[in-house]
Amino acid sequence: MTPQETPPQDAPQGPWSCRLHVITGKGGTGKTTVAGALAVALATGGRRVLLTEVEGRQQIAQLFDTPPLPYAERKVASAPGGGEVFALAIDAEEALLEYLEMFYNLRRAGKALGRIGAIDFATTIAPGVRDVLLTGKVKEAVNRPDATRAGGRAYDAVVLDAPPTGRIARFLNVTAEVAGLAKMGPIRAQADNVMAVMHSGSTAVHLVTLLEEMPIQETVDGVCELRAAGLPVGGVIVNMVRTPLLDAGDLQLASTGQLDLEGLAAGVKGAGLRPSAELVHALAAQAAQHARRVVLETVQRREVEALGRPVYELPLVADGVDLGVVYQFAELLRTQRMVG
């Protein structure tokens, strides 16, 4: 299947009203920042959203400048219009203990297993079981009832800061992962229940990328793998987008080394600097480098558009990401109609 094809399992076009938003992307693309911004965007207008992570790195806590998250849902932000964002760092061992308590009343026995290392041993030799535990907790949050709230659910939406694109299809496709381990029984039943949510119209898997060759290729590969697994591909968020510093004509001249050096020198002089030959040539070289990057980014953007999914863009932030940037990005995602 080529990336240009749009098979039936792709999620509908935005704005997204899904209950579960899975955010993945190559390491370094800023997927946690995007996940946080999307959670705030979804919560805007009085909604309650849960933001979850499963990799044990406490990046949500860092992003929202809060203490490390326990295995408990904690409010980390308010959204415009009275919305609330809660966060949860899902731990496989705690998820297993909770599972044993809910279904078998065996939490004490589970703690004993943890003390002798049995849980770590089991999830190491059978990684699919670990993924079932992690995604099972996400599924529980998506479906958790709350009769006191409009809609009857504890959360209006759940955002999952998921593993990178290199393993996202395997992580989400838990039934296939445990097929060789459990043909029936509680683990298989849990995996099947997870897959019912992951394959439903209430889920969308969004991919975060940069306009660079490796992240774009990993995004293309990730989309192909998600489609092959029948998982619903959502939108593509292009992060750290740079605004071209030259107009189209100057970009063309700069890329071919034909900039007007005399005009460049006049501009330097007009800025109050001495237009030495060394400075003018250095600026021309930087302009040429910038122009080549713009050309490469244009090619990469076409690769993204060829995936046939909605594309959203977030700008490069020179001073680093803080909480203010999260809210800025949330508003940009709303403006671009990623959420309603």
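In which helix is Gly 222 found? Select helix α10, residues 213–228, and Gly 222 will be there; helices are DSSP runs of H or I with at least four residues, strands are runs of E with at least two, and both are numbered from the N terminus. The model is predicted, so local features need pLDDT of at least 70 and side-chain atom pairs count only at pLDDT 80 or more, while totals for chains, interfaces and linings use all residues. Residues are numbered from 1 along each chain as its sequence is written, and side-chain values use heavy atoms, with hydrogens and water left out.

**The whole chain**

Of its 340 residues, 45% count as buried, a term for under 20% relative accessible area, with exposed meaning over 50% and partly exposed in between (1.4 Å probe, protein chains only). Among contacts with a separation of 6 or more, 72% join residues 24 or more positions apart; contact means heavy atoms within 4.5 Å.

Return to Gly 222, which is buried with a relative accessible area of 0%.

Then select Gln 300 in helix α13, residues 277–305. Gln 300 is buried, with a relative accessible area of 12%. Beyond its neighbours within four places in sequence, Gln 300 is in contact with Leu 211, Glu 212, Glu 213 and Ile 216.

**The nonpolar cores**

A nonpolar core is a set of buried Ala, Val, Leu, Ile, Met, Phe, Trp, Tyr and Cys residues joined through side-chain atoms within 4.5 Å. The largest has 42 residues, and Leu 20, Val 22, Val 158, Leu 160, Ile 168, Leu 172 and Leu 226 are those with the most contacts inside it. Centre the view on Leu 226: not counting residues up to four places away in sequence, Leu 226 touches Ile 168, Ala 169, Leu 172, Val 205, Leu 207, Leu 231 and Val 233. A second, separate core of 40 residues includes Ala 41, Ile 60, Val 76 and Ala 157.

**The cavity**

Finally, select Thr 32, Glu 53, Glu 55, Arg 57, Gln 59 and Asp 161, which line the largest cavity. A cavity is a set of points, on a 1 Å grid over the protein atoms alone, where a 1.4 Å probe fits but cannot get out; lining residues have an atom within 4 Å of a point. The volume of the largest cavity is about 30 Å³.

Terms used: 1 Å grid on protein atoms, 1.4 Å probe; cavity = no way out; pocket = protein on both sides within 12 Å on 5 of 7 lines; lining within 4 Å. Points joined across faces, edges and corners; volume = space filled by probe spheres on them.
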